[in-house]
Amino acid sequence: MGGFPIEKAKETMKLALDGLYPQDTFNLITFSGDEHILFPKPVPATRENLRKAQEFLASRSGSGGTEMMKAIRAALDPSDRQDHIRIACFMTDGYVGDDLEIIGEVQKHPNARVFAFGIGSSVNRFLLDKMAEHGRGEVEYVTLNDDGSAAARRLHERIRNPLLTDISIDWSGLPVADVYPKRIPDLFSAKPVVVSGRYTGSGRGTIKLRGRMSGRDFVRDIPVDLPENEPRHDVLATLWARTRIDDLMSQDYNGIQRGAPRADVSEAITQLGLEYRLMSQFTSFVAVEEMTVTDNGQPRRIEVPVEMPEGVSHEGLVGKDEREQFNQGYWLANKAQSQRTSAAGISNLPVNGRAAATETVTVVASVSSPQLTPQPKPRRTDRAKGGGGGGGARLGGGSGTGPGKSYNMGGGDPAPPRMLSPEEQKRQQLIAKLHPSLFAVVERLNSKNSAPTTESKFVRSGKAEIQIWLTDKSPETIAELKKLGFEVLLEPKTAKMVIGRLPIEKLAALAELKFVRYAAPMSSS
């Protein structure tokens, strides 16, 4: 949760703590590689205890992996031995893979209400939605531009003021079957509770809605008319089938997570998916993409860029050492440029997965494997304009000039603009369009040095094996690449990119083509 998610979580949790009453009891658990529990057991929300909680919260930082199961058990296990309901609110960016196992754990603790709070731009919504559903709570999401304080107030009001709890429905003999969810969640003011079912014949009757309101029994009689035929609402059949699939999934989350589901569960889900034309764990819509392969038909590993969620710290996800290793390789390949930009006032250009870009220098990285692969479409984000947490270019204050001119980003009086020479502008173009490894090849050819051993990972017989992202992939574009000497090995039909080989002496000319957005070497594995 390094970067935006952890800061927003701390901000929201602080507001939640400020909203507690003295008679409330609470505890605070943080988790990453391990869980840290503030108090041995829940304590009253006194001023002193709240002060300790705020200090504990302020000292937390986001890094490493997310091992959520330990925190789930630490929070929910005590509820099994209590005569009152425990409210558990999980605040997370949800970057976990054992989601079905976590949901299965929530199902084991019926004496708790689980509320989920997702933070960031790439939250695992399936996980948090199902945690709240099976925990009979609610879920709230806060994205980059949302007001965390408003979301915290909404969640606090839901927790404090349920309208109706322990809900059940007596169908009074009506021909109704297969009603979901089987365990109806509590009713809050924020949204309705929807129940789906099927009836086998027409009829009229009065159902009884039962529950508890403010600790007292509540009953409401509701007249119901089940028509013989209702074609206007035929979509309800599909909605029911989806809820039926969800219920079947919940019966064997652990087996499905391990890839060994119960036969009756997988068979029933498959049949529903086929009958109602729904995507599920065992049914899908298949799209077959035609690929042109001319590399002797041999399978190849293709590195595909994967975006890091916006607002997340690069160090928090992959570690400081890997980022420094990438940055060191970049600046070694561009040492002279680094000196020039430093002299112009740019003190630090950190890299994140969404790309940090200015008109003078473009630094691009993403996380897909131990080898960093470039993001094909650099985009300047709001985080690259000022300071702040997460990634982006922390450029401080100051001013900038247009393309091909120098910058003063360190504050104070701006340096006088300096036009770059044609040679410098060409170098800028190479830096912007070529991965640092390819740029290093161009530099080596210009200096007539011998090739380093690392070059053999993607250069064979004088040709670089590369992947090229394009602004346009028309037949004319492909023809222009082939005219340059590019040999097409793979041409995905649904992406503006091509994969193939190019003589290394043509790399500089490749960067000069207007339709080339970015070029990067292919993996040697």
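Arg 427, Leu 430 and Ile 431 of helix α13 are in contact with Phe 439, Val 442 and Glu 443 of helix α14, where contact means heavy atoms within 4.5 Å. The model is predicted: local features need pLDDT of at least 70, side-chain atom pairs count only at pLDDT 80 or more, and totals for chains, interfaces and linings use all residues. Residues are numbered from 1 along each chain as its sequence is written, and side-chain values use heavy atoms, with hydrogens and water left out.

**Helix pair α13 and α14**

- Helix α13 covers residues 422-433 and helix α14 covers residues 436-447; helices (H or I, at least four residues) and strands (E, at least two) are DSSP runs, numbered from the N terminus.
- Two packed helices are described by the angle between their axes and the distance between the axes.
- For α13 and α14 the angle is about 145° and the axes are 8 Å apart.
- Axes here are lines fitted to C-alpha atoms, for helices over the stretch in contact, and angles run from 0 to 180 degrees between N-to-C directions.
- The crossing of α13 past α14 is right-handed; a crossing is right-handed if the near helix is turned clockwise from the far one by less than a right angle, and left-handed if anticlockwise.

**Whole protein**

- The secondary structure comes to 16 helices and 19 strands.
- Of the 525 residues, 44% count as buried; buried means under 20% relative accessible area, exposed over 50%, and partly exposed in between (1.4 Å probe, protein chains only).
- The protein exposes about 27,400 Å², and carbon and sulfur atoms supply 51% of that area; accessible areas come from the Shrake-Rupley method with a 1.4 Å probe, and for residues only the protein chains shown count as cover.
- Among contacts with a separation of 6 or more, 65% are between residues 24 or more positions apart.

**Salt bridges**

- The structure holds 23 salt bridges, each defined as a side-chain nitrogen of Lys or Arg within 4 Å of a carboxyl oxygen of Asp or Glu.
- Arg 51 and Glu 48 form a salt bridge at 2.4 Å, N to O.
- Both residues lie in helix α2 (residues 47-58), three residues apart, about one turn of the helix.
- An α-helix has 3.6 residues a turn, so residues three or four places apart point the same way.
- Arg 51 is partly exposed at 37% relative accessible area, and Glu 48 is partly exposed at 39%.
- Lys 130 and Asp 246 form a salt bridge at 3.4 Å, N to O.
- This pair links distant parts of the chain, with Lys 130 in helix α5 and Asp 246 in helix α7, 116 residues apart.
- Lys 130 is buried, with a relative accessible area of 7%, whereas Asp 246 is partly exposed at 24%.
- Asp 221 and Lys 208 form a salt bridge at 2.9 Å, N to O.
- Here the linked parts are strand β12 (residues 216-226), which holds Asp 221, and strand β11, which holds Lys 208, with the two residues 13 apart.
- Asp 221 is partly exposed at 45% relative accessible area, and Lys 208 is partly exposed at 27%.
- A network of salt bridges links Arg 460, Lys 463, Glu 465, Glu 487 and Arg 501.

**Helix α5**

- Helix α5 spans residues 125-134, and its buried residues are Leu 127, Leu 128, Lys 130, Met 131, Ala 132 and His 134.
- Ala 132 has a relative accessible area of 3%.
- The C-alpha atoms of Ala 132 and Ile 103 are separated by 9.2 Å, and the two residues are 29 apart along the chain.
- Just after α5, Arg 136 takes a positive phi of about 55°.

**Gly 211 in strand β11**

- Gly 211 is found in strand β11 (residues 203-213) and is buried, with a relative accessible area of 7%.
- Thr 165 is 46 residues from Gly 211 in sequence, and their C-alpha atoms are 5.6 Å apart.
- Leaving aside neighbours within four places in sequence, the contacts of Gly 211 are Leu 164, Thr 165, Asp 166, Ile 167, Arg 216, Asp 217 and Phe 218.
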